[in-house]
Amino acid sequence: MAEVNIRNERIEMLKAFDAAESGVKGLIDSGLSKIPQIFVRPSDEVAQELTYKTAEIEVGVIDLTDIYNNPERRKRVIEEVRIAAETWGFFQVVNHGIPQTVLDDLIDGVKMFNEMEAEEKRKYYSRDPTRRVQLNTNYDLFNSKTANWRDTLIISSPDEIRSDELPSPFRERTIEYSKQVTLLGRIILELLWEGLGLEGEYLKSMECANGQQMACHYYPACPQPELTLGTTKHSDIGFITILLQNQINGLQVLYQDQWVDVRPIRGALVVNIGDLLQLVSNGKFKSSKHRVVVNSIGPRISVASFFSGPSSEVKRYGPIAELTSEENPPKYREIVLGEYRLKFLKTGLDDYLGLNYYNL
Ligand code: OGA
Ligand code: NI
């Protein structure tokens with residue numbers, strides 16, 4: 001009975017928080033010094049944190065200079081990309097062709113948007129999946145066990161959006177960045193594909209460079225950072241993610257049972273492999289678990305561009321035949337995109353089991 005009451009109380013708190021439509025930023029602006037209970041992780045989870053070692057190693061940085069003019073360099077870069085994808089599932093890229101001003105302007109735009117009057121922002125606050133631009137605190141707020149200290153503006157197909165659908169502080173900035181990141185995504189997918197020893201034709205037929213979703217995250221400074229998380233441990237569900245982050249630490253990748261900081265490098269972009277690429281590569285490329293911790297300083301800002309395949313509900317993906325053999329049989333069963341995405345959206349991030357649902 002007590003448990004039911006606690007659960008109902010939590011649901012009421014979540015509803016009240018969501019109905020205010022002012023997000024975590026709104027809590028901070030109200031001047032609170034303790035975080036609300038809905039954000040507090042269970043004490044055993046917090047205690048377990050102490051058993052993790054923090055590693056002194058670092059995610060690799062790959063320089064994309066000259067990969068189109070110098071075939072020798074291109075070969076070397078493909079090797080670096082392949083090794084990073086097989087081991088860490090994470091790497092950073094520099095000299096990727098997107099100008100620093102485009103990156104800085106987008107970060108500034110996300111900051112300006114989140115710091116607008118609550119009334120202005122409220123126009124975008126929504127959980128309606130048919131809206132192409134949605135602001136909310138945690139897409140899984142009502143499904144997860146603990147809420148995350150993060151507000152997110154989600155933009156579907158930013159490469160196709162009309163500028164008046166976007167909040168005014170970052171209309172042009174979003175469109176410019178999205179155009180450039182779409183091209184970069186194609187380039188990186190091409191390198192990954194070549195790293196698998198597959199032809200460019202595959203890339204086209206798989207449609208993994210079609211369709212993009214952008215998540216602009218805002219992680220306010222937190223008065224009790226050790227009690228909560230910015231983003232719960234998870235892997236991304238698409239093919240790849242390209243992430244822009246400001247200069248505040250927070251992103252960590254789980255590598256050999258240790259949390260490793262993905263240190264912000266000015267001008268660099270973080271690339272990580274998602275579950276769909278692990279699935280089609282039959283486990284050769286790794287979709288690593290990662291999370292975001294919060295700080296007493298902030299805001300931390302990041303923009304994730306998810307390359308998650310076409311919008312089609314019925315397209316199927318399974319391990320690529322060329323990458324399997326008698327000695328290396330398929331490790332995963334085929335998925336249907338619509339169901340695959342729905343399962344993710346309906347499950348809290350802390351419960352979602354990723355590719356474990358599809359193991360053979
Ligand atoms: C994500 C994610 C990391 C970050 O959006 O999937 O892992 O640094 N984001 O915000
Ligand atoms: Ni992620």
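**Charges, contacts and a ligand**

Trainee: At what distance does a polar contact join the side chains of Arg150 and Thr231?

Mentor: Bear in mind that this is a predicted model. Arg150 sits in the loop that runs between strand 3 (133-136) and strand 4 (151-156). Its side chain and that of Thr231 make a polar contact of 3.2 Å.

Trainee: How far away is the nearest side chain of opposite charge to Arg150?

Mentor: Arg150 is buried but has no salt bridge. A salt bridge needs nitrogen and oxygen within 4 Å. The nearest side chain of opposite charge belongs to Asp140, at 5.0 Å.

Trainee: Now Arg10. Which residue has the nearest side chain of opposite charge?

Mentor: Arg10 belongs to helix 1 (residues 2-20). Beyond residues up to four places away in sequence, Arg10 touches Ile38, Ser144, Lys145, Thr146 and Ala147. Arg10 is buried and has no salt bridge; 6.9 Å away is the nearest side chain of opposite charge, that of Asp350.

Trainee: How many salt bridges does the structure hold?

Mentor: Side chains of opposite charge can pair when their charged atoms come close. Four residues, Arg41, Glu45, Glu49 and Arg291, are linked in a network of such bridges. For the structure, the number of salt bridges is 22.

Trainee: Lys25 and Asp29 are four residues apart. Why are they separated by about one helical turn, and in which helix?

Mentor: The pair forms a salt bridge, with the closest N and O atoms 2.8 Å apart. Both residues lie in one helix, four residues apart, so about one helical turn separates them. That is helix 2 (residues 23-29).

Trainee: Which helix holds Arg74, in the pair with Glu190 that links distant parts of the chain?

Mentor: The side chains of Glu190 and Arg74 meet in a salt bridge of 3.3 Å, N to O. The partners are 116 residues apart, with Glu190 in helix 7 and Arg74 in helix 4 (residues 71-87).

Trainee: What is the relative accessible area of Arg74?

Mentor: Glu190 counts as partly exposed, because its relative accessibility is 26%. Arg74 falls under the 20% cut-off, so it is buried. Its relative accessible area is 14%.

Trainee: How many residues apart are Glu86 and Lys284?

Mentor: A salt bridge joins Glu86 to Lys284, with 2.8 Å between the closest N and O atoms. Glu86 is in helix 4; Lys284 is in the loop between helix 9 (275-280) and strand 11, and the two are apart by 198 residues. Both ends count as partly exposed: Glu86 is at 23%, and Lys284 is at 35%. The number asked for is 198.

Trainee: Which residues does Ile187 contact, leaving aside neighbours within four places in sequence?

Mentor: Ile187 is placed in helix 7 (residues 171-195). Its C-alpha atom is 9.4 Å from that of His96, 91 residues apart along the chain. With neighbours within four places set aside, Ile187 contacts Ile67 and Tyr68.

Trainee: Which strand gives the most to the shell around ligand 1?

Mentor: Residues surrounding ligand 1 include His217, Tyr219, Asp236, His290 and Ser302. Strand 5 (213-219), strand 11 (290-292) and strand 12 (300-307) each supply at least two residues of the shell. With four residues, the one that gives the most is strand 12.

Trainee: What percentage of the accessible area of ligand 1 does the protein cover?

Mentor: An oxygen atom of ligand 1 is 2.7 Å from a side-chain N or O atom of Tyr219. An oxygen of the ligand is also 3.1 Å from such an atom of Asp236, and one is 3.0 Å from such an atom of His290. On its own ligand 1 has 290 Å² of accessible area, and the protein covers 94%.

Terms used: Residues are numbered from 1 along each chain as its sequence is written. Chains are lettered from A and ligands numbered from 1 in the order in which they are written. This is a predicted model: local features need pLDDT of at least 70, side-chain atom pairs count only at pLDDT 80 or more; totals for chains, interfaces and linings use all residues. Side-chain values use heavy atoms; hydrogens and water are left out. Buried means under 20% relative accessible area, exposed over 50%, partly exposed in between (1.4 Å probe, protein chains only). Lys and Arg count as positive and Asp and Glu as negative; His and the chain ends are not counted. A polar contact is a pair of N or O atoms within 3.5 Å; within protein, one must be able to donate a hydrogen and the other to accept it, and residues adjacent in sequence count only if both atoms are side-chain atoms. A residue is near a molecule or strand if one of its heavy atoms lies within 4 Å of it. Accessible areas come from the Shrake-Rupley method with a 1.4 Å probe; for residues, only the protein chains shown count as cover. Contact means heavy atoms within 4.5 Å.
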